[in-house]
Amino acid sequence: MASAMVIPKEILTDYKEIYEKAVKLVNEESKNDPADDPYKSHYTARDLLLGMKEMLKNSLASVLAEEADDGKDDLVYQVIQAFVCRDLGRIYLFTEETSTGEASLRECIDLIKGKKTRPEAIIAYLGAVNELGIAYANRMEYKQSLELLTEVETSQVYGHLGELEKSAQYCHMTLKRQYSAQTYEPIDFALNSATLSQYFIGQNMFKEARHHLAAATLIIAEYESKISHTDSSISEQECQDLQETFKHRYADVARCWSKYGLALLAASKERLFNDDDEKLATDAKNLQIDSNKYCFPPDMPLENYESRISCDYCLTFDDAKEVYHFVIKWLDQAKEYYKPDSEASEYAKIIKDFAELYEHMAFFEEDPSNQSKMQKRRAKYYEELLELLNPSFYLNICRECWYGAGLSYCAILDIKLDCFKSSASPNPQELHKINQVCQHAIKHFKSFIQSYIEKDGSIKANIDVDEQKTWLYSHFHLGRLHYKMITPDQKLQLENLSNSLKYYKAFTEECVKLAEASKSLQAEIGVCREMVNLLPIKMSNVRKRLEK
């Protein structure tokens, strides 16, 4: 066997310089990026890391071809490559390239999965797992998130949805054991407990979710106290890094708390709105779960945190109002860290959570005037983001905001139309407000539709079925909005009816082209076909009156 190779120090120094330059670009220089190019530093860092990744692959291939060492060199190359993949994943997620980012994080995990307990590999491994787990949890993909969390402790993951409860039990027991033995790393414990809470939220197990979020908050609060009293043995820069890590992860725990409140409101609304026997049976089963099954040790002081929010379903506006104030507090806390100038994508998620909160509260509010005000607040949050973000860089977020704002104004329209119909003597001001709401909704739905259109007028390729469905539904909304506009001017009436016909026809025609997406829109297709037959008759009558 040939003698063992040793990686030249010069090569490691080159890698170190490239890596440190990329880290500086992301952590420091990105804060000064211009508003019209918000990802400038991140893209530069990405290109540096991609070049470094290619060099590492070539070096690793040479080492393996030589078969000249005892595995130490290839481990070093793999670990450095894993760090690069982890950081690339973070950059891609930040720049809204979600699928590429998740693939890069998964590549990091796969590179060192068999060596994850080695001191050299564990930081990159845990970093990638946590980033990917949080990304899944933010999309409410609890199965993937929980599987990742389980991977931290065991290589044998319960991979099927039916095994999720076993996986949750295992994760909880691991956290419980770590706490009892006092062998946990505070930030990892807090993030893992918070991530596990998202699984419980998905199962409507709000008591268990609250319990794990309380544990996450307790541990991260103790961590803050600890780093606030560090001795002089660490440098000022290290102290700042510790504070930065705390602020970042505390903001993530804050977002998990806000998701808890939003999910509790959504589940409460669903129960009141739709008596789904299967869902009610599942909830009843969850209520019968042994209360000690997912409990941390009694000496873990969680009551202070658990007592701040209910785990019971909301039945009245007053119930919902308590949850509302709780969610507002935690969203404001998250905003303290995630700023629009430095963390625009994460900031946007928080603002969208504010919008969702007002949507839920409008459901519980009984007064139509207050319902309308809440829907208006909901729309304003979306519009705030549309003013802030450039669609060239944040297209997916802008699409969500255009559609969300359009739905908000549709809800306001329905409220105002009900009041208008019940009014004994409607006045011109009310008519003006109705038409104004219609115009706001129309503007947003048009922007949404146009964002999917190519220069030749065709819909863009590679759009998934759910997006196609939403795109189709926007045409349906536009047809209805033009039809609902009220005016005594018969020329304007004719124009509104013509626009209504245009969008109803577009809806039916596009549904034929997008057959898979339109399968669940059969009721809307029926309505549109009726309107396509009815509207020409109405338009003809208006023309006759104009001729007179």
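## Burial classes and overall architecture

A residue counts as buried under 20% relative accessible area, as exposed over 50%, and as partly exposed in between. On this scale Lys-349, with a relative accessibility of 30%, is partly exposed. The model discussed here is predicted.

The protein contains 20 helices and zero strands. Of its 548 residues, 49% count as buried. Among contacts with a separation of 6 or more, 70% are made by residues 24 or more positions apart. The accessible surface amounts to about 27,900 Å², and carbon and sulfur atoms contribute 50% of that area.

## Helix α14 and its charged residues

Helix α14 spans residues 344-364 and includes Glu-346. Glu-346 forms a salt bridge with Lys-349, in which the closest N and O atoms are 3.2 Å apart. Both residues belong to α14 and stand three residues apart, about one turn of the helix. The two partners fall into separate burial classes: Glu-346 is buried because its relative accessibility of 16% lies under the 20% limit, whereas Lys-349 is partly exposed at 30%. Leaving aside residues up to four places away in sequence, Glu-346 touches Arg-255 and Tyr-338.

A further salt bridge involves Asp-353 and Lys-259, whose side chains meet with an N to O distance of 3.1 Å. This pair links distant parts of the chain, since Asp-353 lies in helix α14 and Lys-259 in helix α10, 94 residues apart. Asp-353 and Lys-259 are both buried.

Helix α10 covers residues 236-273 and contains Gly-261. Gly-261 has a relative accessible area of 0% and is therefore buried. Beyond residues up to four places away in sequence, Gly-261 touches Val-323 and Val-327. The C-alpha atom of Gly-261 is also separated by 7.5 Å from that of Tyr-324, although the two residues are 63 residues apart along the chain.

Phe-273 is likewise found in helix α10. In contrast to the buried Gly-261, Phe-273 is exposed, with a relative accessible area of 68%.

## Salt bridges elsewhere in the structure

The structure holds 18 salt bridges. One of them is formed by the side chains of Arg-399 and Glu-467, at 3.9 Å from N to O. Arg-399 is part of helix α16 (residues 395-422) and Glu-467 of helix α18 (residues 465-484), so this pair ties together parts that are 68 residues apart in sequence. Arg-399 counts as buried at 9% relative accessibility, while Glu-467 is partly exposed at 25%.

## Helix α4

Helix α4 comprises 15 residues, 98-112. From its first C-alpha to its last, α4 reaches 22 Å, close to the 21 Å expected at 1.5 Å a residue. The buried residues of α4 include Gly-101, Glu-102, Ser-104 and Leu-105. Cys-108, Ile-109, Leu-111 and Ile-112 of the helix are buried as well.

## Cysteines

The structure holds zero disulfides. Cys-85 is in no disulfide, and its nearest cysteine sulfur, that of Cys-108, is 6.3 Å away. That separation does not qualify because a disulfide requires sulfur atoms within 2.5 Å. Cys-85 counts as buried at 0% relative accessibility, and Cys-108 is one of the buried residues of helix α4.

Cys-511 is also in no disulfide; the nearest cysteine sulfur belongs to Cys-528, at 7.3 Å. With a relative accessibility of 4%, Cys-511 counts as buried.

Terms used
Residues are numbered from 1 along each chain as its sequence is written. This is a predicted model: local features need pLDDT of at least 70, side-chain atom pairs count only at pLDDT 80 or more; totals for chains, interfaces and linings use all residues. Side-chain values use heavy atoms; hydrogens and water are left out. Helices (H or I, at least four residues) and strands (E, at least two) are DSSP runs, numbered from the N terminus. Contact means heavy atoms within 4.5 Å. Buried means under 20% relative accessible area, exposed over 50%, partly exposed in between (1.4 Å probe, protein chains only). Accessible areas come from the Shrake-Rupley method with a 1.4 Å probe; for residues, only the protein chains shown count as cover. The expected span of a helix is 1.5 Å times one less than its number of residues. A salt bridge is a side-chain nitrogen of Lys or Arg within 4 Å of a carboxyl oxygen of Asp or Glu.
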